[in-house]
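Here is a short report for someone meeting this structure for the first time. Please look it over before reading on.

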Amino acid sequence: VYVAWARFFAGLDNTFIARLQGLPFSSSLVIVATRPVVPFLASLSLRWINVSWSFGLVNSLFSIGGSIISYYIGKLLISSRFGLACATFYFTSTPMLAYGSSILSDPAGYFFVGLALYLYLSKLGVPLSSKRAFVEGFVMAISSLANPVCFVAFSYPVSYTHLTLPTNREV
């Protein structure tokens, strides 16, 4: 399904959407079709490289990005050395080694879950501004399209932040 999405976005297969019509929402094909971010990014390079390499490139970038975010989370919590350990453990974890460059949306999901945690921890105690609310909402929307589990990862810290912190109404 991810390959069909990528081929659709690249303009190489226009029948993908037609195949989804009439399917129940609980269909596994429809559920996977709700994750268009990784296939869209993979479609950008389909004209030059094959589909496996394209997905591998996109998911490798998400894996590296998740490792960088893990470093900053560890640095924020304890120290740079701890951040380096966090990044190393993230990059060498079983999910990253097993799915890191595959044709799935898992690395993007892990990246966005880490981003949610970092955004929450980095602004803890800071008054809420309109700009911050927009950025968090935009990242939440993109992450939900990458992997729906990310919506849950973002909803808890964002809800807590917006309900408990004083607001700064300046734009």
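## Basis

This is a predicted model, in which local features need pLDDT of at least 70 and side-chain atom pairs count only at pLDDT 80 or more, while totals for chains, interfaces and linings use all residues. Residues are numbered from 1 along each chain as its sequence is written, and side-chain values use heavy atoms, with hydrogens and water left out.

## The whole chain

The chain has 10 helices and 2 strands. Helices (H or I, at least four residues) and strands (E, at least two) are DSSP runs, numbered from the N terminus. Along the sequence, the pattern is α-α-α-α-α-α-α-α-β-α-α-β.

The chain has 171 residues, and 39% of them count as buried. Buried means under 20% relative accessible area, exposed means over 50%, and partly exposed is in between (1.4 Å probe, protein chains only). The accessible surface of the chain is about 9800 Å². Carbon and sulfur atoms hold 69% of that surface. Accessible areas come from the Shrake-Rupley method with a 1.4 Å probe; for residues, only the protein chains shown count as cover.

How much of the contact total comes from residues 24 or more positions apart? Such pairs account for 65% of the contacts in the chain with a separation of 6 or more. Contact means heavy atoms within 4.5 Å.

## Helix H6

Helix H6 covers residues 80–91. Its 12 residues reach 16 Å from first C-alpha to last, close to the 16 Å expected at 1.5 Å a residue. The expected span is 1.5 Å times one less than the number of residues.

Gly 83, Ala 87 and Tyr 90 are the buried residues of H6. Down the axis of H6, these buried residues fall within an arc of 65°, so they line one face of the helix. The arc is that of the directions from the helix axis to the C-beta atoms. An α-helix has 3.6 residues a turn, so residues three or four places apart point the same way.

Arg 81, Leu 84 and Phe 89 are exposed on the other side of H6. The buried residues of H6 pack against H5, helix H7 (94–99) and helix H8 (106–122).

## Helix H9

Helix H9 runs over residues 130–146. Its 17 residues should span 24 Å at 1.5 Å a residue, and its end C-alpha atoms are 24 Å apart, which agrees.

The buried residues of H9 are Arg 132, Glu 136, Val 139, Met 140, Ser 143, Ser 144 and Ala 146. They fall within an arc of 145° down the axis of H9, so they line one face of the helix. Lys 131 and Phe 134 are exposed on the other side of H9.

Tyr 71 lies in helix H5. Is Tyr 71 buried or partly exposed? Its relative accessibility is 23%, so Tyr 71 counts as partly exposed. Leaving aside neighbours within four places in sequence, Tyr 71 is in contact with Ser 80, Gly 83, Leu 84 and Ala 87.

Leu 76 also has its place in helix H5. Leu 76 is partly exposed, at 42% relative accessible area. Beyond neighbours within four places in sequence, Leu 76 is in contact with Tyr 118, Leu 121 and Ser 122.

| Pair | Apart in sequence | C-alpha to C-alpha |
|---|---|---|
| Tyr 71 and Gly 83 | 12 residues | 4.0 Å |
| Leu 76 and Tyr 118 | 42 residues | 8.6 Å |
| Leu 61 and Pro 107 | 46 residues | 8.7 Å |
| Ile 68 and Tyr 90 | 22 residues | 9.4 Å |

## A nonpolar surface patch

Trp 48, Ile 49, Trp 53, Leu 57, Leu 61, Ile 64, Ile 68, Tyr 72 and Phe 91 form a nonpolar patch on the surface. Together they have about 1000 Å² of accessible area. Patches are made of residues with over 30% relative accessible area and no salt bridge; like charges are joined within 9 Å, and nonpolar side chains (Val, Leu, Ile, Met, Phe, Trp, Tyr) within 5 Å. A salt bridge is a side-chain nitrogen of Lys or Arg within 4 Å of a carboxyl oxygen of Asp or Glu.

Which helix gives the largest share of the nonpolar patch? Helix H5 (residues 51–77) does, with 6 residues. Leu 57 lies in helix H5 and is partly exposed at 44% relative accessibility. Ile 68, also placed in H5, is partly exposed at 45%. Leu 61 of H5 is exposed, with a relative accessible area of 55%.
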